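Here is a short briefing to read alongside your model. Take a look at the fold, and then walk through the points below.

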Amino acid sequence: MTVTPLGIPRRLLEFTLDGEPVRAPEGSTILDACRSAGKDIPTLCQGDTLTPKNACRVCVVEVAGARTLVPACSRTTEAGMEVLTDTERARHSRKVVLELLASSVDLSTTPGVAGWLKEYEAKPDRFGPDAARLNEEPRVDNDLYVRDYDKCILCYKCVDACGDQWQNTFAISVAGRGFDARIAVEHDAPLTDSACVYCGNCIEVCPTGALSFKSEFDMRAAGTWDESAQSETTTVCAYCGVGCNLTLHVQDNEIVKVTSPHDNPVTHGNLCIKGRFGYQHVQNRD
């Protein structure tokens with residue numbers, strides 16, 4: 001059963017989207033309106049539980065009268081505005097952004113990117129083999145999750161989830177500048193020596209697989225990770241009385257990772273260390 005949360009009704013605004021008249025609630029973004037209209041606008045840094053950061057710039061669209069392309073994920077709708085999502089200018093911008101990202105970052109585990117590269121005819125290889133890359137080995141310094149900076153696009157979602165938007169731990173931030181910029185804990189120390197509380201909420205919002213469960217990382221390395229063979233079951237965490245919802249991802253009768261529904265009013269996709277990682281006892285065969 002779908003539960004619709006009650007709230008103060010929002011005024012509907014009328015504007016045009018690709019020449020068609022549409023209506024959207026006041027305060028909603030252009031991306032919200034596009035999705036409601038069934039238009040597929042690519043985005044990497046947008047998260048449904050976080051404030052938009054405007055980092056990736058893949059979702060840009062044209063707005064009549066605007067000098068520059070605008071990010072659909074954060075630009076709110078206005079009455080009478082004219083939005084064009086599939087112009088040559090917008091498509092060219094998305095193509096170049098995708099090429100720049102794919103030439104410098106490993107996007108192999110980023111959902112949707114392969115299709116976008118094909119759709120926008122992006123050719124990351126045109127920058128040549130000398131395109132700047134981090135070429136770092138994944139950081140495996142704990143038993144719960146792995147940091148693979150070769151896949152990080154610096155979208156800041158993990159920083160926001162760890163900071164004042166959700167966890168308020170402030171264990172991670174952006175360190176360095178230019179090509180040396182990366183997500184790091186204080187003094188770039190091992191995760192075990194940091195303020196990290198291992199809630200895993202950063203993993204929940206990571207769009208590229210730069211942060212992943214140790215179990216997923218190991219299975220991918222072994223070639224046994226198969227999402228098509230996994231089932232998902234949502235249940236209630238039994239560790240305390242808060243009532244957090246857990247979604248168990250199961251492959252070959254083994255729990256391989258745990259997520260949380262983003263639309264759950266209790267968790268909004270967030271969990272603590274017990275809910276996110278404390279599932280091993282379920283499959284202890286001893």
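A contact here means heavy atoms within 4.5 Å. This is a predicted model, in which local features need pLDDT of at least 70, side-chain atom pairs count only at pLDDT 80 or more, and totals for chains, interfaces and linings use all residues. Residues are numbered from 1 along each chain as its sequence is written, and side-chain values use heavy atoms, with hydrogens and water left out.

**Overall fold**
- Seven helices and 12 strands make up the secondary structure of the chain; these are DSSP runs numbered from the N terminus, with helices (H or I) of at least four residues and strands (E) of at least two.
- The chain is as compact as a globular protein of 286 residues, because its radius of gyration is 20 Å, close to the 19 Å of the globule rule; the radius is taken over C-alpha atoms, and the rule is 2.2 Å times the number of residues to the power 0.38.
- Among contacts between residues at least 6 apart in sequence, 56% join residues at least 24 apart.

**Burial**
- Of the 286 residues, 47% count as buried, meaning under 20% relative accessible area with a 1.4 Å probe, protein chains only.

**A look at helix H6**
- Helix H6 (residues 214-222) has Lys214, Glu216 and Met219 as its buried residues.
- Their cover includes strands S6 (145-147), S9 (211-213), S11 (245-251) and S12 (254-259).
- Just after H6 comes Gly223, with a positive phi of about 75 degrees.

Key
Buried means under 20% relative accessible area, exposed over 50%, partly exposed in between (1.4 Å probe, protein chains only).
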